Structure formats: C-alpha cells, structure tokens
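Subject: Structure handover

Hello,

Here is the structure for you to look over. My notes follow below it.

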Amino acid sequence: MADATAEGGLTGSETDKRGRLLTSDGTPLRRALERANRRRKLTALALVAPLLAFILIFFAFPIAQMMWRSVDNPQVVNALPRTLDALQDWDGRALPPEPVFAALHADMVADLDLPRREQKIGPLGIRLNYELSAARSAISRTTRDVANFQEPYSEAFTAAHRLWGDVELWRIIKREGKPLTLSYYVAALDREYDADGNIVKRPENRQIYVSLFGRTLALSLAITAMTFLLGFPIAYYLSILPMRYANLLMIAVLLPFWTSLLVRTSAWIVLLQQQGVINNTLVGLGIIGDDGRFSLIYNQTGTIIAMTHILLPFMVLPLYSVMRTIPPSYMRAAKSLGATPWTAFRRVYFPQTLPGIGAGGVLVFIISIGYYITPALVGGQSGRMISNEIARHIQQSLNWGLAAALGSMLLVGVLVLYWLYNRLVGTDSLKFG
Amino acid sequence: MSSKVKLIALSSAVSVMALSAAANDPVSLTIVSWGGAYTASQQRAYHAPFMEANPHVTIVNDDGSANALAGLRAQAQAGNVTWDLVDMLPSDAQLACDEGIILQIDHDAMLAPAPDGTPASEDFLPGSLGECFIPQIVYSTVLTFRPGAFPEDNQPSSIADLFDVENFPGRRALQDRPGTNLEWALYADGVALDEIYDVLSTPEGVDRAFAKLDTIKDHIIFWTEGAQAPQLLADGEVAFATGYNGRMFDAIEVEGMEAAIIWDGQVVEWDGWVVPADGPNVDVVMEYLYWATDTQRLADQAKFISYGPARASSAPLVGQHADLGIDMAPHMPTNPDNYFAPIVLDNDFWVDYGDELRERFANWMLQ
Amino acid sequence: MSMPAYYTTKDKIWHYTFRVICFAIFFFLLAPILIMIPLSFNAQPFFTFTREMLTLNPEGYSLRWYRDFLGSESWMRSIRNSFVIGIAATLVSTTLGTLAALGLSRSEMPAKGLIMGILISPMIVPLIISAAGMFFFFSSINIAQTYLGVVLAHAALGTPFVVITVTATLVGFDQSLTRAAANLGASPTRTFFKITMPLILPGVISGALFAFITSFDEIVVVLFVAGVEQRTIPREMWSGIREDISPTILAVATILVLISVALLTVVELLRRRGERMRGLSPQ
C-alpha cells in the first residue's frame with residue numbers, strides 16, 4: 001500500500017495529448033493504477049504462495065495420486081503384451097484359438113527370464129483374482145512349469161489349471177487389457193460385467209458396498225439427529241442465560257471439544273462394556289439381572305452413543321452463536337399478540353435458528369460420514385462405516401484400486417456436502433472455541 | 001545368493017558366537033510382529049538371547065504385523081525398505097511372495113536341520129513351509145464351551161454339537177470372518193476333513209456351508225478382536241465361543257475361567273517369518289533366522305505362550321510355562337491327543353477365494 | 001433467570017422440566033470425561049468402582065496405573081514424540097498460515113474463494129482419505145516412517161485452523177493503522193512487527209494452539225504414516241485399547257484432560273483479550 005501511494009501519487013491536473021490524467025512521472029494514471037494494483041495483487045499472492053504450494057504438494061497431490069489408483073490398470077498391459085495383441089480379433093464367445101495360447105506362453109516365459117523383482121506375472125495374478133476368484137492360482141500354478149510346456153499350448157494350459165478353459169477368464173484378460181479401467185468403481189457399486197460386457201448387478205449375496213454406504217449415511221443421519229435433539233435445548237438454554245453463567249456452563253461443551261478423541265472413546269468403552277460402569281450400576285441397583293446386561297458396545301448403539309457425544313459440540317457452538325443474535329423481543333411480541341408459547345416458538349423463534357441448524361447439521365454430518373477411529377474401536381461389525389472398509393482394503397486386502405474407488409466416492413460426497421454448506425452459511429462462519 | 005547363504009549357514013551352525021567374533025559394525029534390526037504377549041514371547045525366546053550372543057546387534061520391535069502387507073508393498077514400490085524381518089500369516093506371505101516383494105526361501109539351505117540331521121524341509125510340519133514363508137508356530141482356532149451351560153450328562157464334544165441348537169441350546173460366539181466358520185459348517189454337515197476345500201471351491205459347496213450356518217444364525221454373536229471371545233464366555237454371555245487356543249489357554253489356566261476346549265475340528269494355521277526383498281541387513285537377518293528357527297529356539301517360545309512349535313523335532317523339548325510352571329505339552333494344538341481331527345487351513349484357497357467369500361459372509365451377517 | 005410472576009402451573013412445570021433436561025445433557029457431556037479421573041486411581045485392574053472405592057476406603061485407591069505409565073518406556077517416548085511433532089508441526093503451520101491469512105485478507109487478493117477452498121481442504125477431506133494419500137505419497141518420496149513425514153502431514157492438517165482464526169482476527173483489523181504507520185515513514189517490515197503483529201497476535205496464538213491440539217490429538221494419519229519410532233500418545237492409546245485395555249489408559253486420559261483444561265483456559269483468555277483489543281468488548 002505504501003508503494004502504491006508513493007508511486008502513483010497525483011501531483012496536479014497534468015493530462016496528456018488525449019486528455020488522459022498523468023502522474024508526476026508522465027505515465028497515464030490508469031496504467032499507473034493498474035501497475036500498482038498488479039503489484040498489490042502480487043504481494044497478496046506472494047504471501048499466500050508458500051502455504052498454497054505446501055498444501056498442493058503435501059496434501060492435494062497425494063490425494064489426487066491416490067484417486068488415480070482407482071482407474072490405473074497397468075498389470076495386464078505390462079504382463080501380457082503379446083497375448084493382448086493376439087486377442088484383438090477374438091470375439092469373446094468360444095475359447096481363444098491356439099495362437100493366443102502360444103502368445104500367452106511366450107509372455108510368461110519372457111517374464112520368468114526377468115529378475116524376480118521385475119516380474120509382472122505375480123501382480124497380474126493378484127489383479128485378475130479381483131475379477132475372478134482363483135485366477136491367481138491359475139497363474140501361479142501355471143508359472144511353475146510353463147517353461148516345459150509343449151505344443152499345443154491350449155492343452156498344456158488347460159491341463160495346468162481348469163480356469164484356462166474358462167471363457168470368463170479370457171474375457172477378463174481382454175477387458176482389463178487397457179491402461180485405464182472402471183472395474184474398481186463397478187465393484188464399489190456392487191456391480192459386475194456380464195458375458196456381453198454389460199454392467200449388471202452382482203448376485204444379491206455378494207452385494208455389500210452400496211449397503212455399507214447406505215449404513216454410513218443412515219448412521220451419520222442418526223448421529224446428526226441425536227446431536228440436534230441434544231444440542232438444541234442446551235444451546236437455547238445457554239443463549240437465554242446471562243453471559244457470566246453462560247460462559248461457565250459453556251465449559252461443559254468446550255471441555256469435551258478440547259479433550260483428546262482417544263480419551264473420549266476410551267471413556268465410552270469404560271462406561272458401555274458388559275462389565276462397565278453403566279451395566280454394573282444397573283445390576284448393582286437391581287434394575288437388571290446379571291444375565292440381562294445390555295450390549296451397548298461393539299455394535300451400532302456404541303457407535304451412535306460415542307459419536308453423538310464426540311460431535312455434540314460441533315452442533316451446539318454454531319447453534320449458540322445464531323441464537324445469541326435473536327432478540328428475545330420477537331418472542332415477547334408474538335406472545336403479546338396472542339400466540340401460545342408453542343406457536344410463538346414454532347412460527348417466530350425456530351425459523352430464525354435455521355441457519356444455525358443448517359451449519360451445525362451439515363458440519364456434524366460431514367464429519368460423521370468420514371469417521372474412522374470411533375467406529376473402529378467401538379463399532380464391532382454392525383457399527384462399522386465406509387472409512388473402516390477403505391482402511392481394510394489399503395492395509396489388509398491390498399486391493400488399493402478398490403480402496404481408491406471407495407475413497408473417491410466418499411470424497412466426492414463430502415465435497416458436494418461442503419459446497420452445500422458453503423452455499424448455506426459461508427466458510428466465514430467457521431469458528432472455533 | 002544361495003551359496004553365500006550356505007556359507008553363512010555353515011558358519012553359524014558351528015556357533016552363533018562366530019558371528020560376534022569378527023569385528024562387526026553395530027547393526028539395528030527392525031523386526032515387525034504382532035505386539036503384545038506375542039512379541040513379548042519372541043523377545044524372551046529369540047531376540048534377547050540373540051542380542052546377548054551378538055552384542056553388535058540391536059533388535060527394534062515394531063508391532064505392525066496386522067498391516068504389514070501394505071507396508072511391505074509401499075516400501076518396495078518406493079525402493080526404500082526399512083523392515084528387516086516381518087512376522088505374518090502364510091496367506092499374507094503368499095500374496096507378498098506373488099508380488100515379489102519378499103525373498104524366496106531355500107529352506108534346506110537357509111534353515112538349520114533337526115538335531116538328528118533331518119533336513120529342515122522334512123522337519124517342519126507338513127504343509128507349513130511356503131515359497132517365501134518360514135513358519136514359527138502353529139496355532140489353532142478351537143471351539144470352547146461353558147460346562148455350566150449344559151447338564152452334566154449332556155456335554156458337547158464335537159463341531160457338530162455347535163450346530164445342534166436343539167440338544168445344545170444357548171448363544172454361540174463366532175468370529176466375524178468366513179475362514180473357520182465355513183469349514184466347520186461343512187464338517188458338521190458331514191463332509192470329510194480332507195474334502196472340505198474341494199467342496200468349498202464349488203458354488204454348491206459354498207451354498208451348502210451358508211445353509212448350514214443359517215440353521216444357527218439366530219443364536220450367533222460375532223466377535224472381532226481376539227480378546228472378546230474368552231470375555232464373552234467368562235461373562236456368561238454365550239454357551240459356546242470359538243477362539244484362538246492361546247487366548248483360551250490364558251483365560252482357562254491363568255485366569256481360572258470355567259470353560260473346556262473341544263479339539264475336534266480345530267482349524268490349524270501357521271504364523272511365521274518373511275524377509276523383505278532388498279532389506280537393509282539381509283545377511284544378518286539370515287543368520288538370525290537360521291538360529292531363531294532351530295529346534296531348541298522354537299521349543300523355547302512355547303515356554304512363554306501356548307502356541308505349538310512348527311518343527312516336529314521341537315515337540316519333545318517343550319517344557320513348562322516359564323511363569324506358571326504348567327506343563328505345556330497337553331495344551332499344544334499339535335499334541336497327538338489334540339491333533340486327532342484337525343482342519344489345516346488352506347492358505348492357497350483363502351488367497352484365491354477370500355475376497356469373494358468375505359463379501360458374501362459380510363452380506364450374510366447383515367441379512 | 002427468575003420466573004415471571006404471571007407463569008401458570010403448566011408454564012412452571014415446563015420451566016423446571018426444561019432445566020432438568022438441559023442439565024441431563026450437560027451431564028451427558030461431562031460425565032464420561034470426569035468419571036475416568038477417579039477410576040484411574042483404582043487399585044484393581046477393573047473399569048468400575050470397587051466396593052472399597054465407593055466406601056472411600058483408602059485401600060481402594062492407588063497410584064499404580066500412574067506408576068505404570070511413568071515407568072513405561074514406550075509411553076514416555078510417545079509423550080516426547082507428541083510434543084516434538086506437535087511443536088514442529090505448529091511452527092510450520094503457524095508461519096505459513098499467518099502469512100497466507102495476511103494475503104487472503106487483502107482486498108486485492110485474486111481468486112480468493114478458490115484459494116481459500118484449497119487452503120482449508122485439509123479440514124474438510126475425511127482423514128482416512130488424507131491419510132491414505134499421504135501414506136502412498138510419503139512412501140514414494142521416502143519420508144514415510146520419519147519424523148519429517150509426520151511433521152509435514154500434521155502441519156498440513158493444522159494450517160486451516162491458523163488461516164481461519166487469523167483471517168477472522170484480520171476482519172476486525174483497522175487497516176488505517178498500517179497506513180498511518182506507512183505515512184509516518186515506517187517500513188513495511190517494521191509496520192508488520194510493530195503494528196500488525198501485536199494486534200493479530202491473539203489470533204495467531206489461538207490458531208497455533210488449534211494447530212498444536214490437532215497434531216497432539218491426531219491418530220489416523222499417524223496410523224498410516226508413522227513408524228514405531230514416531231508413535232505419539234494417541235497411537236499408543238490406540239494399541240492399548242485394541243490389545244489389552246488396562247486402567248493405565250485412564251491414567252493417561254486423566255493427564256490429557258488436565259492438559260486440555262489448561263489449553264482451553266489459554267484459548268478463552270486469548271479470545272477475551274483479542275475482543276478487548278479490537279474494541280469488541282464482550283457484552
């Protein structure tokens with residue numbers, strides 16, 4: 001700013017031939033202002049640049065790279081170039097002809113000559129097994145003595161493993177023989193390819209991801225509803241109290257907010273387990289028998305209770321800040337005009353809290369659908385959410401493509417919700433503490 | 001590679017001390033295992049004595065085994081392998097082996113023979129050695145029940161009884177994964193032990209297993225973490241629970257839980273070592289492995305945890321529990337009295353069909 | 001709040017019921033956290049109150065879980081790690097975040113909405129996705145399982161909080177003060193340190209505290225990116241809960257609650273001071 005005034009300062013009413021205003025050094029005023037403006041823009045950008053670069057490199061790029069894995073499909077292309085070439089004119093109806101088997105033989109033999117770390121056959125088997133169970137052992141068993149195969153290769157291969165005689169395996173090799181694939185998304189949506197290459201629903205007994213997404217949404221909605229039911233009364237109560245009492249009671253909301261997530265989760269384990277505080281107290285008081293202990297944990301109940309507690313402050317804080325700004329005179333006016341307290345609340349007060357409900361609700365919902373830790377620790381099987389499945393595929397089943405597809409779907413969902421949140425309340429309203 | 005390893009094997013066969021005799025630079029080995037009591041047993045049986053004999057070696061424990069596959073693959077893809085040795089299940093080892101990210105093992109060249117000279121490949125229990133996998137222990141998933149849940153003259157004794165809710169009413173705690181449960185369903189339905197995986201490889205066989213599970217579905221509670229199973233029994237939540245034999249041993253023998261193990265149809269599985277390819281100290285790791293998987297060392301581990309040694313020659317050497325003074329042999333899954341009707345978990349089958357069956361099982365649980 | 005005189009019986013019943021409901025909810029919020037404190041002094045390895053504890057018999061109480069905690073090498077290392085990583089990550093995110101906030105609050109800033117969106121994305125993206133992405137990327141550039149990797153990851157997660165709190169402070173910032181300083185001949189750097197910095201300092205500090213607590217409490221990224229050397233307190237608690245939950249967890253939890261009380265107090269004091277300094281006195 002200092003630069004702009006120093007350089008672009010007006011010294012009088014000098015004008016050029018065309019009547020444009022000039023600065024003291026003779027440049028047209030407009031250009032001087034533009035230059036000053038550009039400089040200010042650059043200064044602003046320069047201040048933001050380090051962080052922007054940091055976030056782009058260490059945050060945005062890794063996520064983009066991970067999402068790329070959901071379509072990246074190098075295994076078949078790398079391992080079987082000759083076979084794919086030979087398969088080009090194959091119609092996918094009957095078993096491929098002998099030249100294809102010969103090409104497969106050539107591909108496998110060539111691969112086995114490579115140093116072990118560069119061999120492509122192992123990853124190929126794992127990749128094909130995602131599409132067809134036992135395809136992995138078809139590959140690995142064949143690899144053992146493929147070097148000794150004699151013509152006709154089609155017989156040698158089918159003798160080595162039954163799947164080489166299955167048209168399905170060949171269709172998959174041809175379909176996945178492209179550098180990019182949609183098959184991880186197809187699987188993530190509980191679909192599969194049929195013999196004609198159409199995407200159809202999987203047999204009902206193998207559908208899990210769509211219902212897992214559904215369950216994640218349902219649990220998140222339940223948690224959002226619970227935080228609203230519990231958050232609304234106390235936010236209202238805090239908003240009508242005099243400031244010094246409200247500040248005191250606010251500690252009850254802020255302390256959990258500032259307490260470690262793991263601490264709160266372990267607190268709920270202590271309270272809810274079979275031999276925990278709640279069950280023991282109920283048994284001790286004779287309310288339930290020793291054999292009638294409630295199953296409060298390692299199921300959906302556990303997830304809902306613990307997450308409601310953990311996310312409640314995220315509902316109360318925005319609600320409270322909105323309610324504080326609603327003048328009590330509105331309610332009084334409505335009542336004095338003859339409305340019952342309930343009508344006055346419903347017609348006058350409640351609508352004014354909607355921005356707060358929207359902000360808190362979307363915030364809690366966004367956080368819940370991506371939650372991982374608490375469901376993993378207290379959710380058991382029925383309280384697990386989509387994040388847990390993503391983690392499982394990354395860390396245990398090693399199906400990184402499917403994990404990336406599930407993750408990308410979750411990410412897109414969250415970003416859409418966030419966009420909605422932004423439309424509703426604006427980012428500026430995000431405040432903490 | 002293999003001749004070099006043979007040389008090393010030879011030298012350490014003479015004495016572990018030979019290693020430390022040379023002027024060795026300090027080496028730090030990162031060994032990944034399961035953590036908790038299991039890592040503790042390895043620390044006492046293998047790591048501590050090895051470090052004592054080789055003062056230049058420091059062993060750092062990392063309890064990342066549950067997610068070791070992902071770590072191995074990520075390290076291999078980055079070309080920056082920081083793990084020296086990883087403890088994992090054979091099915092995970094098979095996947096890693098297929099990917100070429102762990103070393104292939106020439107068992108007779110890299111592992112010590114039995115004291116009587118039997119080569120390693122014959123001394124380790126049948127079916128336990130993998131292309132890239134060196135077994136350490138054998139553990140089993142067993143059916144356990146609460147005697148008090150049934151009249152004295154009608155106690156359960158077989159896997160079939162688990163599926164018989166009329167004669168043996170009460171809730172059953174099963175693990176929330178298809179492995180073990182599907183095998184037992186077929187076994188209880190009359191499939192011979194050695195045909196279980198053949199039947200399970202067919203769609204009809206899978207349907208048959210799920211149909212059998214359907215008959216007890218309303219009586220099942222699922223457990224996830226190994227510690228939950230004995231807890232459910234101890235709390236009287238369930239009449240039957242499936243669980244790892246080591247956990248059940250602890251609960252019954254150490255904590256005095258009232259429960260009995262049914263060894264019929266025990267599902268036997270191995271656990272063991274794999275060596276990451278391009279690891280930082282492969283030579284030292286090979287020396288460690290040669291020593292830590294010999295007959296005496298494997299028998300030693302059973303002093304600290306109730307899992308059976310993976311070598312036949314170790315079995316007679318299994319003594320008493322180091323802290324409890326209990327004779328460990330009768331509690332070993334491989335004890336002949338217990339090993340009368342075992343189902344040896346077929347890892348190749350589970351690597352092939354695991355994804356599909358897990359999806360189906362997850363779907364079935366939620367129905 | 002006293003009750004107005006014109007309240008009917010029904011109003012009165014509602015008045016009291018409402019308060020009872022509210023206090024029940026406050027109880028729900030606080031009780032789980034507070035209940036761990038006495039339980040952490042349990043002499044027995046149980047998670048419930050023993051008879052001795054309920055009768056206030058001193059024998060029912062002990063410090064054994066605190067001794068366990070203090071005597072454990074892995075817990076002590078995790079404390080050291082949590083502070084080292086937390087402080088390093090806070091320094092990075094506070095420096096970068098404050099600079100960015102200064103740029104963002106300039107009216108000339110182009111593409112403000114887009115850039116703000118990118119900068120606060122670490123707060124929006126589900127942690128499991130951030131963690132997975134960082135796991136793959138950090139492995140490929142060889143900083144997975146290093147302190148540097150965890151610090152960078154936590155710095156990225158902490159910056160949105162710094163950007164948001166400092167930007168909020170700057171909204172109430174009177175730009176004529178810097179112009180006055182400039183007119184009086186101060187260099188931009190001098191203006192920043194003598195005028196801007198003292199005024200936005202409360203915002204910077206509370207942003208830094210948020211960044212610190214984000215790192216201090218973070219577990220998902222640690223699960224994916226950290227090695228055994230970099231284990232933090234939450235990571236150690238995670239193992240404790242999954243494997244064999246013992247009351248040592250409660251002793252750690254109690255200490256962490258005390259830390260959060262301290263942090264909460266600091267943030268609250270700063271907020272009030274900030275409001276005073278900007279002339280927005282609390283009502």
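Which residues form one aromatic cluster? They are Phe228(A), Phe232(A), Tyr236(A), Tyr237(A), Trp342(A), Phe345(A), Tyr349(A), Phe350(A), Trp14(C), Phe18(C), Phe23(C) and Phe26(C). Rings of Phe, Tyr and Trp (its six-membered ring) pair if their centres lie within 6.5 Å; planes under 30 degrees apart count as stacked, over 60 as edge-to-face and the rest as tilted.

Some ground rules. This is a predicted model: local features need pLDDT of at least 70, side-chain atom pairs count only at pLDDT 80 or more, and totals for chains, interfaces and linings use all residues. Residues are numbered from 1 along each chain as its sequence is written, chains are lettered from A and ligands numbered from 1 in the order in which they are written, and side-chain values use heavy atoms, with hydrogens and water left out.

Aromatic pairs

Over all chains, the structure holds 57 aromatic pairs. Take Phe101(A) and Trp170(A): their ring centres are 4.9 Å apart and their planes stand at 70 degrees, so the pair is edge-to-face. Phe101(A) sits in helix α5 (residues 98-112) of chain A and Trp170(A) in helix α9 (residues 167-175) of chain A, so the pair ties together parts 69 residues apart in sequence. Helices here are DSSP runs (H or I, at least four residues), numbered from the N terminus. Phe101(A) is buried at 1% relative accessibility. Trp170(A) is buried too, at 0%. Buried means under 20% relative accessible area (1.4 Å probe, protein chains only).

The rings of Phe212(C) and Phe216(C) have centres 5.3 Å apart and planes at 25 degrees. Both residues lie in helix α9 (residues 188-217) of chain C, four residues apart, or about one helical turn. Phe212(C) and Phe216(C) are both buried.

Chain A against chain B

In this interface, 37 residues of chain A contact 39 residues of chain B (heavy atoms within 4.5 Å). The buried area is about 3500 Å², with carbon and sulfur atoms giving 42%. That is the accessible area (1.4 Å probe) that the two parts lose on being put together, summed over both. Arg116(A), Arg117(A) and Arg136(A) supply 21% of what chain A buries against chain B, more than any other three residues.

The rule finds eight salt bridges across this interface (a side-chain nitrogen of Lys or Arg within 4 Å of a carboxyl oxygen of Asp or Glu). One of them joins Asp348(B) to Arg141(A), with the closest N and O atoms 3.8 Å apart.

Best wishes

Notes: Helices (H or I, at least four residues) and strands (E, at least two) are DSSP runs, numbered from the N terminus. Buried means under 20% relative accessible area, exposed over 50%, partly exposed in between (1.4 Å probe, protein chains only).
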